Amino acid sequence: SFYATCVLASKFRRRGRGVRLGLVGSGPDAFQTVTNVSTELLGHMGLSTVGLELIALDRQMRQVSPRELATQLEAVAGYMAAADVPRASLEAIARMGVVFDRFVKENDLDGIAVRCWTEMQKYQVGGEVGVMPCTCMSMLSDKLIPAACETDIAGWMGMYMLQYASG
């Protein structure tokens with residue numbers, strides 16, 4: 001109902017102060033209207049953002065230690081059916097997961113919004129194989145760390161509000 005939505009928005013606005021969102025990459029040019037709305041929402045809701053550019057993501061993925069990689073590969077294999085996924089793709093997904101987890105922890109983030117289309121495939125972020133961040137984002141969401149696509153701050157806020165409303 002409209003009343004319930006207003007109450008939720010009011011509670012979120014109070015809760016929103018101090019909420020930190022990680023932005024991986026910048027907003028796509030084709031999403032300019034979404035970017036403008038998101039910027040306004042950030043100011044009204046009191047959220048702050050921390051950025052990680054795709055070039056830094058790429059560099060950090062290449063620096064993941066063998067131990068971190070092995071641990072994350074185990075987590076990915078336990079999370080999804082990975083038997084038919086090429087090893088290079090699995091390793092890139094695992095490396096990205098390590099970097100995302102580290103980014104969230106080191107910056108005390110409440111969630112992330114990631115730009116992926118089409119740069120991650122086209123420029124082969126993280127190594128020789130370009131991969132999508134969907135698995136890593138889903139794994140974060142399972143840990144109650146909302147993750148939105150295409151640096152969609154408004155979409156992320158909706159996820160966070162629903163999580164907050166559900167307790």
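How many helices and strands does the secondary structure of the protein come to? It comes to eight helices and four strands. Both are DSSP runs numbered from the N terminus: helices are H or I runs of at least four residues, and strands are E runs of at least two.

This is a predicted model, in which local features need pLDDT of at least 70, side-chain atom pairs count only at pLDDT 80 or more, and totals for chains, interfaces and linings use all residues. Residues are numbered from 1 along each chain as its sequence is written, and side-chain values use heavy atoms, with hydrogens and water left out.

**Figure 1. The whole protein, from order of elements to surface.**
From the N terminus on, the elements run α-β-α-β-α-α-α-β-α-α-β-α. The protein has 167 residues, and 42% of them are buried. Buried means under 20% relative accessible area, exposed means over 50%, and partly exposed lies in between (1.4 Å probe, protein chains only). The exposed surface comes to about 9,000 Å², with 56% of it supplied by carbon and sulfur atoms. Such areas come from the Shrake-Rupley method with a 1.4 Å probe; for residues, only the protein chains shown count as cover. Take the contacts between residues at least 6 apart in sequence: 80% of them join residues at least 24 apart. A contact means heavy atoms within 4.5 Å.

**Figure 2. The four-strand sheet.**
The sheet is open, its strands have the order E2-E1-E3-E4, and the pairing is parallel. Two strands pair if DSSP finds at least two bridges between them. Strand E2 (48-52) and strand E4 (147-149) are the edge strands, each pairing on one side only. On average, neighbouring strands are turned by 25 degrees against each other, direction ignored. Axes here are lines fitted to C-alpha atoms, for helices over the stretch in contact; angles run from 0 to 180 degrees between N-to-C directions. Strands of a sheet pair through backbone hydrogen bonds, either parallel or antiparallel.

**Figure 3. Strand E1 and its two partners.**
Strand E1 spans residues 20-24 and pairs with E2 in the parallel sense over five bridges. Arg20 has Ser48 as its bridge partner in E2. Gly22 is bridged to Val50 in E2, and also stands opposite Ile112 in E3. E1 and E3 pair in the parallel sense over four bridges. There, Leu23 has Ala113 as its bridge partner. Four of the five residues of E1 are buried, so the strand is largely enclosed by the rest of the structure.

Is each face of E3 covered or uncovered? Both faces are covered: Gly111 and Ala113 are buried on one side, Ile112 and Val114 on the other. In a regular strand the side chains alternate between the two faces of the sheet. E3 and E4 run parallel and are joined by three bridges. Val114 stands opposite Cys149 in E4. Helix H7 (residues 134-142) lies across strand E3 (111-114) and E4, at about 145 degrees to E4.

**Figure 4. Cysteines without disulfides.**
The structure holds zero disulfides. A disulfide is counted as a pair of cysteine sulfur atoms within 2.5 Å. For Cys116, the nearest cysteine sulfur is that of Cys149, 5.6 Å away. For Cys134, the nearest cysteine sulfur is that of Cys116, 6.0 Å away. Cys116 counts as buried, at 4% relative accessibility. Cys134 has 46% and counts as partly exposed.

Helix H5 covers residues 87-106. At 1.5 Å a residue, its 20 residues should span 28 Å, and its end C-alpha atoms are 28 Å apart, which agrees. The expected span is 1.5 Å times one less than the number of residues. H5 is followed by Asp108, whose phi is positive, near 50 degrees.

Thr151 lies in the loop between E4 and H8. Its relative accessibility is 10%, so Thr151 counts as buried. Leaving out residues up to four places away in sequence, Thr151 touches a set of residues including Leu23, Gly25, Pro28, Ala113 and Arg115. Met161 lies in helix H8 (residues 153-165). At 17% relative accessibility, Met161 counts as buried. Met161 and Pro146 are 15 residues apart in sequence, and their C-alpha atoms are 10.0 Å apart in space.
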